[in-house]
Amino acid sequence: MKKSILKYRYNEDLEFNVEKPQIITILGNSNNRILNNLLWNNKKGNIFVDEIEVNDANFYKYHQDVSFILYKQLNIFIGETVSDEIAFGLESLGISRNDIHEIITREARIFNLTDKLEKDPNSLGSNDKALVKILSAMIINPKIIVLENILSELDYEDYEKIKKIFNEYIKKGGTIINITNNVEEALIGSRTIVVCDMKVVCDDKTAKVMTEEKLLKRLGIGLPFIIELNKYLIDYALIDKYYMDYGKMVKEIWK
Amino acid sequence: MEIKFDRVSLVINPYTPLEKTILNSVSFEIKETGIYSFLGKSNSGKTAIGELINALISPTNGKVYIGKFINDGRKIRKINRLRLSAGYVFKNPYDMFIESTVRKEIECGMKYFKYKLKDKNFRAKDALKLVGLDETFLNMNPRKLNLRDAKKVAIACILIFNPEIIILDEPTIGLNNKDKTDLERLLKLLKNRYGKTIIILSKDTNFCFKTSDYFYLMEKTRIITHGDKTLLKDEEILKAIGLEVPHIVKFSNEVRRQGHKLHDYINILDLIKGVYRDAK
């Protein structure tokens, strides 16, 4: 029998279970309430991490395992320079000063932040602020990361780079929960959950959820562009299966 | 209302270690009404253009003409008249809220500019209806709203005092697909029926390609080129700046590369009909 990484239940209608490391996208109209329950552990809801229930006694241990990145806290910084800001999590775990310096220079090279380490974080642009927030959450190697609307702040090049970093992080055994409104971000992950009025409507693999066209359009979520294009072309009988690459699709249309 | 930038440059914290150049001799001119959009990566100076038009900051060199007002570092007389005619929506909506309920927050603009109207109550509901929210939001605390509703309330705060110029900073962050089509319809209504000038500062090329008439591309503190919709059909310029190519343009360029004919389309339904006509 498999061990569950995270189990979340609220009021008998909302329940999901994570068994293997993956990226999960949550779409719908009650994002804010799910996020607040995950942050502060509401009385009506239960959270299990590694099959141990979270309560008042082990609440600090829970926040070591799960790290949050929120849109509201994008302009709030603790440190005076960027390297101070990133080192805050490592210092509170009690790692020695030489090791911290080594880890930060190694990780900053991956995120392209090497020439910004000595700057004031409040003077950066919004793209670099989001990168600093993601790096300072990922550097302590948490089991689970929760994101809220933060990926829409990134530029196109950095968005492609962050996708690769997340895929490597999952191979090491981490889990990412992405709470968002933008349906294009669902194509990153392998599983999608649609929530309406604190009830789970749909919970399956991303490719299967995208076939429920009427439901997604009624809730106002819509479809990603490439899926919508495929659907119309199938209706007109120009192609007979889904293509995720434009080059192959055009060859198939003009056979 | 005309807007004119005459070789404007902006440097913050001069003669200190924190010195940073934000704009470098930018000049352009907007005469007719319409929807104009400024596209660029972050750190390219988009937000500074919005703040200069609303006179929240003043330039170090050059002059900004907004109608009959001039923003060049000296004191502006009757500055409230300027801010009444140019409304600026912030990027982060929580920076904008100061009152305790949504009703007070929306009426705050009318109180500040000394608008004299008897039916204020009626007017707050109307502004909320324009952006697609109902009356139950009037008694909520604006800081406890989620990001999607807060973005809409921020636009309603500006629409209530009926400015001639509307500046929107990153309007599509946190909205879903239906909200984006509603916003597109609202902007076209404001342009066609009421004759407003609308300025969008964004990096979302998919949204701007549908709505805007004229484009300015920015990179590292300057404006590189400007032009109408044919500008966004050039993939090489967009890749050099670091912006995303719009999905429809990417598909129709791929079709032409393989040697088939296709016209230019903006809407997905028209695109499918065009493809069907040529393939069958």
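Among contacts in chain A between residues at least 6 apart in sequence, what percentage join residues at least 24 apart?

Author: Happy to. The answer is 65% of those contacts, where a contact means that two C-beta atoms, placed from the backbone, lie within 7 Å. Please keep in mind that this is a predicted model, in which local features need pLDDT of at least 70, side-chain atom pairs count only at pLDDT 80 or more, and totals for chains, interfaces and linings use all residues. Residues are numbered from 1 along each chain as its sequence is written, while chains are lettered from A and ligands numbered from 1 in the order in which they are written.

Now for the chain itself. Chain A is divided into domain 1 (6-210) and domain 2 (224-255), with bounds taken from an automatic or database domain assignment. The C-alpha centres of these two domains lie 34 Å apart, and the C-alpha trace of chain A spans about 65 × 45 × 35 Å along its principal axes. Chain A has 10 helices and 10 strands; these are DSSP runs numbered from the N terminus, helices being H or I of at least four residues and strands E of at least two.

Four of the strands of chain A make an open, antiparallel sheet in the order β2-β1-β4-β5. Because β2 (14-18) and β5 (52-53) of chain A each have a single partner strand, they stand at the edges, and one side of each is left without a neighbour in the sheet. Strand β1 (residues 6-10) of chain A pairs with β2(A) over five bridges in the antiparallel sense; for strands to count as paired, DSSP must find at least two bridges between them. Within this pairing, L6(A) is opposite V18(A) of β2(A).

Let us turn to the interior. Of the 255 residues of chain A, 27% count as buried, meaning that 20 or more other C-beta atoms lie within 10 Å of the residue's own, with C-beta atoms placed from the backbone. The largest nonpolar core has 109 residues, and I26(A), V146(A), I53(B), A156(B) and I167(B) touch the most other members. Such a core is a set of buried Ala, Val, Leu, Ile, Met, Phe, Trp, Tyr and Cys residues joined through C-beta atoms within 7 Å. Helix α5 (residues 147-159) of chain B gives the most to this core, with nine residues. Leaving aside residues up to four places away in sequence, V146(A) touches L38(A), V66(A), F68(A), I177(A) and I179(A).

Key: A residue is buried if 20 or more other C-beta atoms lie within 10 Å of its own, exposed if 12 or fewer, and partly exposed in between; C-beta atoms are placed from the backbone.
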